[in-house]
Amino acid sequence: MKHQAHSPIVAAVTAVLILASSAPARADRVTPPPVPGAIQVPEENRAFLAGHAVGTQNYICLPSGAAFAWVLFTPQATLFADEDRQLTTHFFSPNPFENDLVRPAWQHSRDTSIVWGRLYVPASSDPDFVAPGAIPWLLLKAAGAGAGPGGGDALTRTTFIHRVHTSGGVAPATGCSSSTDVGAKASVPYEADYYFYSAEDEAGE
């Protein structure tokens, strides 16, 4: 009888815990890491989403002045949230808000909302933060965003994006030195953390 008397309370507590665990993380629960001063996000913005990227930086060998150089033609990565839950894909894509200028893009894996970014300040290879042999850390400003076909808007409030905690991804040191190498491609594994920011007055939504 005692167990039956307490079961409504237990059920209520369980329901609260389930709802809490299934709710999306609020902005004040996403804590971005320290970054070089040169790529600080403007103060009126707060992180609302974060993911760990695993993928490749994809290069093509092209003429460069009188020489030849590896040029990035797209990243190809998947961002994961906690418990290896797929969060977004990351790639280069024509941005319809800039007359189809190709920009880095992130598309949400569930609601298919998308955001494009452009470099806001020069990339940072500050050795106090960036590991040797890793691609630079970046601060990008949103250059356009769109809802998914079903109205999904997880990424549409993005104002800035950080790429931090990078490893790998640097263009090869060889394989692009003559005209016979032009058109060669190289996919270099990399990992990074990406933080998405929104304007502070929207961060608690």
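A residue is treated here as buried when its relative accessible area is under 20%, as exposed when that value is over 50%, and as partly exposed in between, with a 1.4 Å probe and protein chains only. By this criterion, 38% of the 205 residues of the chain count as buried. The structure is a predicted model, in which local features need a pLDDT of at least 70 and side-chain atom pairs count only at pLDDT 80 or more, whereas totals for chains, interfaces and linings use all residues. Residues are numbered from 1 along each chain as its sequence is written, and side-chain values use heavy atoms, with hydrogens and water left out.

Secondary structure was assigned from DSSP runs numbered from the N terminus, with helices (H or I) of at least four residues and strands (E) of at least two. The chain contains one helix and eight strands, and the order of these elements from the N terminus on is α-β-β-β-β-β-β-β-β. In the loop that runs between α1 (2–22) and β1 lies G37, a residue that is exposed, with a relative accessible area of 60%. The C-alpha atoms of G37 and D126 are separated by 9.7 Å, although the two residues are 89 residues apart along the chain.

A search of the whole structure for disulfides, defined as pairs of cysteine sulfur atoms within 2.5 Å, finds one. This disulfide is formed by C61 and C176, whose sulfur atoms are 2.1 Å apart, and the link is right-handed, with 80° about the S-S bond. Because C61 lies in strand β1 and C176 in the loop between β7 and β8, the pair ties together parts that are 115 residues apart in sequence. Both ends are covered by the burial criterion: C61 is buried, with a relative accessible area of 0%, and C176 counts as buried at 11% relative accessibility.

Aromatic pairs were identified among rings of Phe, Tyr and Trp (its six-membered ring) with centres within 6.5 Å, planes under 30 degrees apart counting as stacked, those over 60 as edge-to-face and the rest as tilted. Five such pairs are found in a search of the whole structure. W106 and F196 form an edge-to-face pair, with 6.1 Å from centre to centre and 90° between the planes. W106 lies in strand β4 and F196 in strand β8 (residues 185–199), so the pair ties together parts that are 90 residues apart in sequence. W106 and F196 are both buried, and ring pairs link W106, Y194 and F196 into a cluster.

For salt bridges, the criterion was a side-chain nitrogen of Lys or Arg within 4 Å of a carboxyl oxygen of Asp or Glu, and the search of the whole structure finds one. R103 forms this salt bridge with E98, the closest N and O atoms being 2.7 Å apart. R103 counts as buried at 18% relative accessibility, whereas E98 is partly exposed, with a relative accessible area of 23%.

Backbone geometry was also examined. D100, in the loop between β3 (86–95) and β4 (101–108), has a positive phi of about 65° although it is not a glycine, and this residue is partly exposed, with a relative accessible area of 48%. H165, likewise not a glycine, has a positive phi of about 50°; H165 is placed in strand β7 (residues 158–168) and is partly exposed at a relative accessible area of 38%.

Accessible areas come from the Shrake-Rupley method with a 1.4 Å probe, and for residues only the protein chains shown count as cover. A nonpolar patch formed by L62, V71 and V182 has about 190 Å² of accessible area together. L62 belongs to strand β1 (residues 45–64) and is partly exposed, with a relative accessible area of 32%.

Terms used: Patch = residues over 30% accessible without salt bridge, like charges linked within 9 Å, V, L, I, M, F, W, Y side chains within 5 Å.
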